[in-house]
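Please look through the structure shown here with this report beside it.

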Amino acid sequence: MTSLSSQSPDLKVLIVEDDPNVRLGCEQAIQLAGIPVEGVASAEAALPMIGQDFPGILITDMRLPGMNGLELLKNVILNDPALPVIMITGHGDVTLAVEAMRAGAYDFIPKPFSPEHLVEVVRRALEKRSLTLEVESLRRRLAHREAIEARLIGRSPQIEKVRRLLLDVADTAVDVLILGETGTGKEMVARCLHDLSSRHAANYVALNCGGLPDNLIDSELFGHEAGAFTGAQKRRIGKIEHANGGTLFLDEVESMPMAVQIKLLRVLQERVIERLGSNQLIPVACRVIAATKENLKDLSDKQRFRADLYYRLNVVTIDLPALRDRREDIPLLFEHFMLHAAQQHGRPLPEVSREQLQQLMAHDWPGNVRELRNAAECLVLGLRRDFGRASTAEPREQSLAEAVENFERSLIAAELRRQNGNLARSSEALRIPKTTLHDKIRKYGLQA
Ligand SMILES: Nc1ncnc2c1ncn2[C@@H]1O[C@H](COP(=O)(O)OP(=O)(O)OP(=O)(O)O)[C@@H](O)[C@H]1O
Ligand SMILES: [Mg+2]
């Protein structure tokens, strides 16, 4: 990220000047000032180099063969009005200079000029660019945070942590491994990562590695040429190639056959693929997101998953917590899903009784958020009123104190389970003194 106070060292100057002597002179002056610089001889050569959020500024001569400086200016400003463009104007180009300033040029430098003057203008323009990019990056981060909060519901510390991690990696190119039980939101997080990345305009391609016979997964992933094997009548573009520029989501990655794992590792390392029946290498630039319910490390220790692929996928891991380990999120999620279902089915929002809420809080939710969503939908549709335990298990309405105690008990039990009964770690996670935790464990008859 660029810094507000100092000029970012990453920002560079692109010079468009057809006269090689002037171009070299400018390059040397700017280089001597310690600023990265690149020179090209025509507007046509410069244009493809300037995308959205170009990390630098542009200097262009007014008179150029082919597209002239003024046209180049108008072209880039259309895309990025905040890009500082400095015009180099020749003798007698006053009218053109005025026109350029009106069209949005940052400044103009009449020929001949001193290296010091050039560097001074360049520094000012870079400072402005740095600020613009900083503000843009903050704005995007804020928008991303809001988008993540709207999609990934929950206020528990565990979900907060997931959201922070998502925000940090969404707009990068790193590959991500998502872990979590069924229904914890792995697919949703993968989609979120794609939608918030700069590759969102390209394809998001999901492949369920567990849903395909061994002999098909190869051609699904890598594609094939016509005649590559019996039945391959036409050329087929594989999922990886289809995801070029975008995101490839490998769901249930633990089910990938060993032979395919080797090939996938090669793709991840070299970023090229070969269609079956072809030996032409095709470069692919896609981000790989893998998801699994299994413990891949265990599987690789047992030689059921390639260790090298595991380490390659495990660059950034997002661990999605089970719902029973963050019960405080249940009411919020339940309300969210009820609202959704009520709106979708045109039904009124049902009242949730205290007893129902207690059941929701006490249930273990093996199907996690998906199961909770179904329960909310059933309640809205009037198909079910009891959740988890049968209501006969607790025939009597609880007092507030009893309900609070039940809730406390379930939170402590969940934390102990997560920490494998370790008291020190549990007390730290729950932010209560160890002695207090000890007392409560005794009071509730829990096993440490
Ligand atoms: N934190 C959350 N906020 C809102 N909705 C969520 C959240 N987590 C999961 N969901 C919803 O729960 C449902 C299940 O999520 P998803 O399909 O992503 O789970 P999964 O981990 O891929 O499950 P499986 O392993 O069974 O494929 C989806 O409808 C998803 O939108
Ligand atoms: Mg899934």
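## Domains

The C-alpha centres of domain 1 and domain 3 lie 61 Å apart. These belong to a protein chain divided into domain 1 (12-136), domain 2 (154-321), domain 3 (324-396) and domain 4 (398-448), with bounds that come from an automatic or database domain assignment.

The model is predicted, so that local features need pLDDT of at least 70 and side-chain atom pairs count only at pLDDT 80 or more, while totals for chains, interfaces and linings use all residues. Residues are numbered from 1 along each chain as its sequence is written, chains are lettered from A and ligands numbered from 1 in the order in which they are written, and side-chain values use heavy atoms, with hydrogens and water left out.

The largest pocket has a volume of about 1000 Å³. A pocket here is an open set of points on a 1 Å grid over the protein atoms alone, where a 1.4 Å probe fits and protein lies on both sides within 12 Å along at least five of seven lines; lining residues have an atom within 4 Å of a point. Grid points are joined across faces, edges and corners, and the volume is the space filled by probe spheres set on them. Of the 35 lining residues, Gln-158, Pro-321, Ala-322, Asp-325 and Arg-418 lie nearest the centre of the largest pocket. Elements that give two or more residues to this lining include α6 (157-170), β6 (176-179) and α16 (400-418); helices (H or I, at least four residues) and strands (E, at least two) are DSSP runs, numbered from the N terminus. The lining divides into 15 nonpolar, six polar and 14 charged residues, where Ala, Val, Leu, Ile, Met, Phe, Trp, Tyr, Cys and Pro count as nonpolar, Asp, Glu, Lys and Arg as charged, and the others, Gly among them, as polar.

The second largest pocket holds about 650 Å³ of space, and among its 26 lining residues the closest to the centre are Gly-183, Gly-185, Met-188, Val-369 and Arg-373. Because domain 2 and domain 3 both give residues to the lining of the second largest pocket, this pocket lies between them. The most comes from α13, with six residues.

## The nonpolar core

In the largest nonpolar core, which has 30 residues, those that touch the most other members are Leu-221, Ile-240, Leu-248, Leu-250, Phe-305 and Leu-313. Such a core is a set of buried Ala, Val, Leu, Ile, Met, Phe, Trp, Tyr and Cys residues joined through side-chain atoms within 4.5 Å, and buried means under 20% relative accessible area, exposed over 50%, and partly exposed in between (1.4 Å probe, protein chains only). With five residues, α10 gives the most to this core.

## Cysteines

A search of the whole structure finds zero disulfides, a disulfide being a pair of cysteine sulfur atoms within 2.5 Å. Cys-192 is buried, at 1% relative accessibility, and so is Cys-286, at 4%. The sulfur of Cys-286 is too far for a bond, because the closest cysteine sulfur, in Cys-209, is 13 Å away.

## Backbone details

Gln-303 lies in the loop between α11 and α12 and is exposed, with a relative accessible area of 65%. Arg-431 is placed in the loop between α17 (423-430) and α18 (434-444) and is likewise exposed, at 69% relative accessibility.

The peptide bond from Lys-111 to Pro-112 is cis, with omega near -10°, and Pro-112 is found in the loop between β5 (107-110) and α5 (115-151).
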